[in-house]
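The questions below concern a two-chain model and are answered from its coordinates. Please read them with the structure open.

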2 protein chains.
Amino acid sequence: MDFEEYLKKKRKIIDRALDEYLPEEKKEPKLLHRAMRYSIFAGGKRLRPIIAISSFEAVGGKGKVILPVACALEMIHTYSLIHDDLPCMDDDDLRRGKPTLHKIHGEGMAVLTGDALHALAFELLLKAKNFQVIQEVAKAIGTEGMIGGQVKDLEAEGRKVSLKQVEYIHTHKTGKLLKASIRAGAILGNADNKRLKALSAYGEKFGLAFQIMDDILDIVGEERVLGKKRGSDKANSKATYPAVVGLEKSRGIAYSLLKEAKESLRIFQEKSWVFEKLADYVYARIV
Amino acid sequence: MDFEEYLKKKRKIIDRALDEYLPEEKKEPKLLHRAMRYSIFAGGKRLRPIIAISSFEAVGGKGKVILPVACALEMIHTYSLIHDDLPCMDDDDLRRGKPTLHKIHGEGMAVLTGDALHALAFELLLKAKNFQVIQEVAKAIGTEGMIGGQVKDLEAEGRKVSLKQVEYIHTHKTGKLLKASIRAGAILGNADNKRLKALSAYGEKFGLAFQIMDDILDIVGEERVLGKKRGSDKANSKATYPAVVGLEKSRGIAYSLLKEAKESLRIFQEKSWVFEKLADYVYARIV
């Protein structure tokens with residue numbers, strides 16, 4: 001199958017499931033349900049759910065048990081973006097080409113909507129009835145994961161940071177959830193140890209490369225593609241790879257990481273074609 | 001045992017467990033771990049963990065499986081307070097007699113600290129290895145529970161509300177988590193259906209009465225006991241029972257609810273003495 005077509009097909013399945021799992025707008029509290037749906041359906045590449053489903057299928061997983069988990073990952077990602085966009089954090093007015101949630105419903109509602117998606121994500125994770133998966137996701141978004149990275153990111157603003165520090169921020173803020181996504185799929189698909197390890201290695205390297213490319217795109221990308229203002233990292237004095245090692249070296253690091261990521265999946269042979277394509281796309285920054 | 005002594009003993013056990021489960025301050029990200037500990041140890045009655053443990057023991061539960069769940073409930077409560085105190089929500093400077101978290105570490109850190117406690121709570125809930133307990137807690141703090149109530153509370157600010165609306169706010173914002181606390185203890189203690197039902201009925205009525213007494217205390221309480229400024233509900237034009245039905249009628253409703261709550265536990269005979277005392281204390285507003 002063509003990779004573009006593959007992505008489109010998966011996104012359709014994911015969006016249908018998200019629609020099913022999100023509370024209806026006509027149900028009280030309507031304003032909250034509307035806000036949750038606005039943020040989830042404001043766009044988004046569905047990268048984490050696609051990774052989870054692809055990992056699940058790559059190890060031979062069958063059935064729909066992965067779907068609520070995949071949707072939970074997207075909800076967690078979206079909750080983190082809503083909180084991240086708040087004036088007290090990155091203060092972004094645009095996200096995925098649309099006004100950020102607090103611009104429409106106010107900051108209080110944005111805080112609560114993020115919290116609601118966070119809680120709903122755990123309700124969905126429970127549907128798969130797998131303690132390890134919930135445990136790994138919970139850890140990946142806690143103080144040793146996503147939130148830990150966000151705190152360090154916040155602390156670093158306006159300060160001179162080392163390569164080690166920006167690596168910490170990126171691997172935690174973005175990397176841990178991406179790695180948890182690929183692992184969740186593999187675990188639910190009953191991967192053997194060798195395959196789980198290989199996919200984890202891919203997830204780790206891919207996650208860091210993805211955030212480095214995100215840094216690069218913030219400098220060289222087109223606003224139409226970005227869905228937000230270019231140069232916002234620099235304006236906010238954020239800790240980024242280009243700020244620390246320059247644009248070209250950042251690109252080189254990302255390239256090496258993605259190459260290593262692909263190599264770690266050799267045991268899968270043609271069954272990992274999706275992840276190879278994904279790495280190429282991230283480098284070209286199409287997804 | 002004397003009830004005061006009982007509460008003191010339980011709080012000691014809970015505080016020791018909270019200290020064990022919270023990441024150490026000397027571990028990175030230090031600022032985040034310090035902030036989490038500040039908010040958890042800034043005081044607090046430990047009502048939810050006490051209720052969970054007491055329910056667990058009332059149905060004959062043995063061992064320590066309830067402890068991580070009890071601590072998770074306190075972390076969820078604390079996360080909700082941190083977010084609730086933000087300038088974009090209730091804008092409180094004091095909580096439990098101490099400066100609120102955003103006053104010390106800024107709003108961004110307060111948002112993230114709440115998020116970190118939220119995620120850690122689920123890690124702790126997992127330790128009991130009981131899907132039903134996690135499911136009930138997740139639901140109780142989601143759009144049909146705590147967050148639903150908070151959203152309606154936010155929407156009601158400055159508006160005239162009906163008794164039905166303020167009942168919705170109180171049963172959701174405060175009641176659902178209290179009810180989930182008593183149910184979590186009962187489920188983990190392997191309660192039979194009759195006892196689980198009885199404790200649920202207590203939790204529901206107790207939860208509403210507790211919030212009504214909280215409204216009343218905001219008007220008549222001493223600031224020394226409150227740990228925050230008196231009259232903040234009125235200043236914020238919050239939806240409260242006294243605002244809708246007056247002080248005396250509010251007291252009457254709370255009294256009836258607490259009486260019914262106690263009556264629902266008759267099958268426990270003397271084994272539910274803690275819950276009877278608790279109801280009396282809440283009415284006298286000592287706890």
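A residue is buried if 20 or more other C-beta atoms lie within 10 Å of its own, exposed if 12 or fewer, and partly exposed in between, with C-beta atoms placed from the backbone. This is a predicted model, in which local features need pLDDT of at least 70, side-chain atom pairs count only at pLDDT 80 or more, and totals for chains, interfaces and linings use all residues. Residues are numbered from 1 along each chain as its sequence is written, while chains are lettered from A and ligands numbered from 1 in the order in which they are written.

Q: How many of the 12 residues of H3(B) are buried?
A: Helices are DSSP runs (H or I, at least four residues), numbered from the N terminus. Helix H3 of chain B covers residues 47-58, and its buried residues pack against H1, H4, H9, H10 and H15 of chain B. Among those buried are Arg48(B), Ile51(B) and Phe56(B). H3(B) is mostly covered, and the buried count is 10.

Q: Where do the buried residues of H14(B) lie around the axis?
A: In H14(B), the buried residues are Ser250(B), Ala254(B), Leu257(B), Leu258(B) and Ala261(B). The arc they cover (taken from the directions from the helix axis to the C-beta atoms) is only 95°, so they lie on the same side of H14(B).

Q: Which residues are exposed on the other side of H14(B)?
A: The buried residues of H14(B) are covered by elements including H10, H13 and H15 of chain B. On the other side, the exposed residues are Glu248(B) and Ser256(B).

Q: Which helix supplies the largest share of the side of chain A that touches chain B?
A: Contact requires C-beta atoms, placed from the backbone, within 7 Å, and 39 residues of chain A are in contact with 39 residues of chain B. H2, H6, H7 and H8 of chain A each supply at least two residues of that side. The largest share, 13 residues, comes from H6(A).

Definitions and conventions. Contact = placed C-beta atoms within 7 Å. Expected span 1.5 Å × (residues − 1).
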